[in-house]
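Trainee: Could you walk me through a close look at one single part here, and then connect it to other places in the chain? I'd like the cut-offs spelled out as you go.

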Amino acid sequence: MKLHQAKLQHSFFDTFKHRGDLHLSQVSPSGLQQPVLVSANRQLANELGLDPDCLDSEAFLQLMAGHITGEHFNPIALVYSGHQFGVWAGQLGDGRAITLGELPVNAPSDASGKPILWDIQLKGAGTTPYSRFADGRAVLRSSIREYLCSEAMHNLGIATTRALALVDSQTQVYREEVESGATVCRVAQSHIRFGSFEHFHYRNQPEAVKALADYVIQRNFPEWQNEDNKYRLMLENCVLKTAKMIAQWQAVGFNHGVMNTDNMSIIGDTIDYGPFGFFDSYDPEHICNHSDTQGRYSFKNQPSVGLWNLNALATALTSLISNSDLVSALKQYEPEYLNQYRTIMASKIGLEQYQSDDENLINQLLELLQINKVDYTIFFRSLADFSTNNIDIRDQFIDREGFDSWAEKYRIRIAQQKLSAQQRKQRMNAVNPKYVLRNYMAQAAIEAAAQGDYSEVNLLLSILQSPYDEHPQAQKYAGPPPDWADQLAVSCSS
């Protein structure tokens, strides 16, 4: 199947056809001028069942650049609202994202035998009715960041939207300065957000809330369609998936940066990569978003903000779910988050199973990492080589005596297991990545791409698609970040 020849399904359109433009608007993308394919994601194309030869075609490039022609496409933009930095922002919507349609993909693991639908969406292809006063464009620098990070997250095992292609162009976009316009083809099993439900709840349109919930269940959870408690099941699933996702963020050292309710997915995917950041040195107080002057979305606040956002979603579903069921669903968040986080952190330090006493061991380690400003990713990767001779690990700490004290407790704990040192190392290297998308790595790719050199983007893509491997050709990204990395700042415009 070639994407540019495929007849994309439009079940979303059919579901809401009788409601006019209540949930969506039909739009016409505005293609980029003189587009150039920066990168095509062959790993994802293979998963979608696409013909790999199509990725090199002129037709594919033109489609990814927003030049939409033919009867196979009927693009739309979705409306939603949301709380931004804790304040109700009113109507928002897909201001620079245009969904081309839904691509059916057969999944052997799907017991129903029905194909899974994937949204094929272009970000940066021009204005929509929800663009407000913006131009509907995306710039190359932010598009590179989203393209690389969404694939990095997927290959770290974290639920996320994906990215199929990245296109540069000669289209000029005006931000703080003139920049190159770009598009990212974003792929997901849903782009419905918490704010999608909030939009209709606060407009006092319960019938539209119900229609949207029915659509989500029909498309993503068809096994629940005939269940009396299907709306509660949808919320509970969102609570559990969101808890797991944020636990994984915390364990890998990822800071989302703008956890507004319009940036939270109803199926628990990481969505909307703007001012994100992975740790260099461990700092729970870290605020990756330069625009977040109050620190609402600091790293340490992400778990509590997740619950705050789920409460906002639950409020929007009060016309469908009883108060007692809403409370019951929300109460599942904290224990699920803690269970997921503790399990992951135990595996990161080589423990087969989390035990209650391990809480102190993990917390003491994190405190040492913070005080000594130890590189988060490098430390956990190196811990796999822990033995009686730990000079390389120990030298990462200024307070070596403090590390020695922790290391003795750790030595006693791992001695309680039957794993050999080699078995423990193999397990730890399978959960502690060698590479994450640090800001300086993305910046290197951005600067090269601005000069027309896209090789760094594609090098990083190949590394991040197998982040646990060694990649001898990329050792420059395996060590500590350069000194200038501390000067990098990202904001909501990033």
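Mentor: Happy to! Let's begin with a definition: a residue is buried under 20% relative accessible area, exposed over 50%, and partly exposed in between, using a 1.4 Å probe and protein chains only. This is a predicted model, with local features needing pLDDT of at least 70 and side-chain atom pairs counting only at pLDDT 80 or more, while totals for chains, interfaces and linings use all residues. Residues are numbered from 1 along each chain as its sequence is written, and side-chain values use heavy atoms, leaving out hydrogens and water.

Our part is H471. Its relative accessibility is 11%, so H471 counts as buried. H471 sits in the segment that follows α17; helices are DSSP runs of H or I with at least four residues, strands are runs of E with at least two, and both are numbered from the N terminus. With neighbours within four places in sequence set aside, H471 contacts Y435, S462, I463 and S466, where contact means heavy atoms within 4.5 Å. K434 is 37 residues away from H471 along the chain, yet their C-alpha atoms are separated by 9.0 Å.

Helix α17 (residues 455-464) packs with helix α16 (residues 439-450) at an angle of about 150°, their axes being 7 Å apart. Axes are lines fitted to C-alpha atoms, for helices over the stretch in contact, and angles run from 0 to 180 degrees between N-to-C directions. The two helices are therefore roughly antiparallel; that label applies over 145 degrees, with under 35 roughly parallel, 65 to 115 roughly perpendicular and the rest oblique. On the α16 side, M441, A442, A444, A445 and A448 make the contact, and α17 supplies E456, V457 and L460. By class, this contact has seven nonpolar residues, one charged and no polar. Here Ala, Val, Leu, Ile, Met, Phe, Trp, Tyr, Cys and Pro are nonpolar, Asp, Glu, Lys and Arg are charged, and the others, Gly among them, are polar.

As for F379, leaving out residues up to four places away in sequence, it touches L365, L369, V374, I393, Q396, F397 and F403.
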